Each structure stands twice: as C-alpha cells, then as structure tokens.
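Here are a few exercises to work through with the model open. Try each task before you read its solution.

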Amino acid sequence: MNILAHGYLSARKDGLLIGNFIGDFIKGNPAHPRHKLTLHEVAGVRLHREIDTFTDAHPDVAAVRELLHPRCHKYAGVAVDVFFDHFLARNFDQLTGESLPDFTRYFYSALQRLSPRFPTPAARMLHALVRYDWVMGYQTTEGIDQSLKGISRRTAFPSGLDTAIIDLVLYYDQIGEHFMHFWPELVDHVEQIRIQLSKAE
C-alpha cells in the first residue's frame, strides 16, 4: 500500500508512524545501531514491512497486478499501491469512520513534528507530500495521474506509469471491487501484527 494506507494503519502512534513513513528508506535490520531508531520506530518499520508482505501476497492485489502488467510490467505493483490509495481516499469516511480532511490535517502535522527523526530522502518526500497535498489529491483520477507521472520520472527504466491512468479508468469498477474486498482483511491482519509488536517491546 502507499502513503495514505501506511499512515492510517499506524493508529496515531508516533513511533509506528515514523517507522511506517520511513520504512522504504531503511535497509536491513531496523534495530541495527546505525539506524538510530527507538524501539517504537523499529516496530513501525517492521509493521511497514508486514503490510507490504501481506499486500504483495494477497490474491486481490495479484489480480489487479495482472490487469496492469501489460502496460506497467514490473512496475504494476507500484500502480496497484497508488490505485488502492485512491479507493481508500474516495471511501475514507465509510472505511475508517473519519473524514479524510481531518485525518490529513493530523497526518501532515504529525509528520512535520516528527520529521527530525527522518532520513534525508524521507524528509524530502514529506516536503513534497505536504506542498502538493498528495493525500487529498488521491481522491481524483487527475491527482492519481499526477502522482504516477511523478513516480515515472524517477524510475530507472520505462515503467508505463505515465499512462497507467488509462487502465484505472478502463478497469475502475473491477479494481475498486478488489480493493474493497482486500482492505478489511488488511486491517484485521495489521491489528494482529500491532498486538504482536507491542508484546515484543
């Protein structure tokens, strides 16, 4: 999943939020002294990885990857992440009981407060996230198209992400159905992982 899902699944806990946000920038064992992370931040990185592992292996995600593979090839999983954040943003009230604007205000404020704990690349990403209001932009296909085009400019190889919005429009209802089936299963899984991580602290 992408930024919005990782942020929401951190349950408004600072350590989990930090680890979840910087998870892609931490290589190897997050508890290694070189990373200088607290126990709660290490738990956040581990939660981030658990979310990614569960997502990558889920049959609904695999089905959408297959739809997108002809265009995006090995980057199909990236497109799925962004598309699923779109459906989370569009259905945020229904799925979480919170309004997206309220959550977004909390999310940006918390990340900015915690940003001294971020590696430099994560801090740069945060700057762009807030400046361009990515989270609220995820509600629209135009915002998703801009996000995908931005990612495509940073890929090492041609990705197809710059035109992936075509597939979102083409398979919109089908992708949305896969997401709505997947999301509650992810939430249940994350609740169990958070319990395990809290016991390990």
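**Exercise 1.** This is a predicted model. Decide whether Ala 122 is buried or exposed.

*Solution.* Start with the relative accessible area of Ala 122, which is 0%. Buried means under 20%, so Ala 122 is buried. Next, find its place: Ala 122 sits in helix 8 (residues 120–131). Now look for its partners: setting aside neighbours within four places in sequence, Ala 122 is in contact with Phe 21, Ile 22 and Phe 25. Finally, check Arg 105: it is 17 residues from Ala 122 in sequence, and the two lie 19 Å apart in space, C-alpha to C-alpha.

**Exercise 2.** Work out where His 35 sits and which residues it touches.

*Solution.* First, locate it: His 35 is in the loop between helix 2 (14–22) and helix 3 (39–57). Then check the area: at 16% relative accessible area, His 35 is buried. Leaving out residues up to four places away in sequence, His 35 touches Ile 26, Lys 27, Asn 29 and Pro 30. With Asn 29 there's a polar contact too: the side chain of His 35 reaches the backbone oxygen of Asn 29 at 3.4 Å.

**Exercise 3.** Describe how helix 4 and helix 5 cross.

*Solution.* Take the axes of helix 4 (residues 59–72) and helix 5 (residues 76–90): they come within 8 Å and cross at roughly 120°. The two helices are therefore oblique to each other. For handedness, the crossing of helix 4 and helix 5 is right-handed. The contact includes Val 61 and Leu 68 of helix 4, and Val 80 and Phe 83 of helix 5. Sort the contact residues of the two helices and you get 9 nonpolar, 2 polar and 1 charged.

Technical notes. Residues are numbered from 1 along each chain as its sequence is written. This is a predicted model: local features need pLDDT of at least 70, side-chain atom pairs count only at pLDDT 80 or more; totals for chains, interfaces and linings use all residues. Side-chain values use heavy atoms; hydrogens and water are left out. Helices (H or I, at least four residues) and strands (E, at least two) are DSSP runs, numbered from the N terminus. Buried means under 20% relative accessible area, exposed over 50%, partly exposed in between (1.4 Å probe, protein chains only). A polar contact is a pair of N or O atoms within 3.5 Å; within protein, one must be able to donate a hydrogen and the other to accept it, and residues adjacent in sequence count only if both atoms are side-chain atoms. Contact means heavy atoms within 4.5 Å. Axes are lines fitted to C-alpha atoms, for helices over the stretch in contact, and angles run from 0 to 180 degrees between N-to-C directions. Angles under 35 degrees count as roughly parallel, over 145 as roughly antiparallel, 65 to 115 as roughly perpendicular and the rest as oblique. A crossing is left-handed if the near helix is turned anticlockwise from the far one by less than a right angle, and right-handed if clockwise. Ala, Val, Leu, Ile, Met, Phe, Trp, Tyr, Cys and Pro count as nonpolar, Asp, Glu, Lys and Arg as charged, and the others, Gly among them, as polar.
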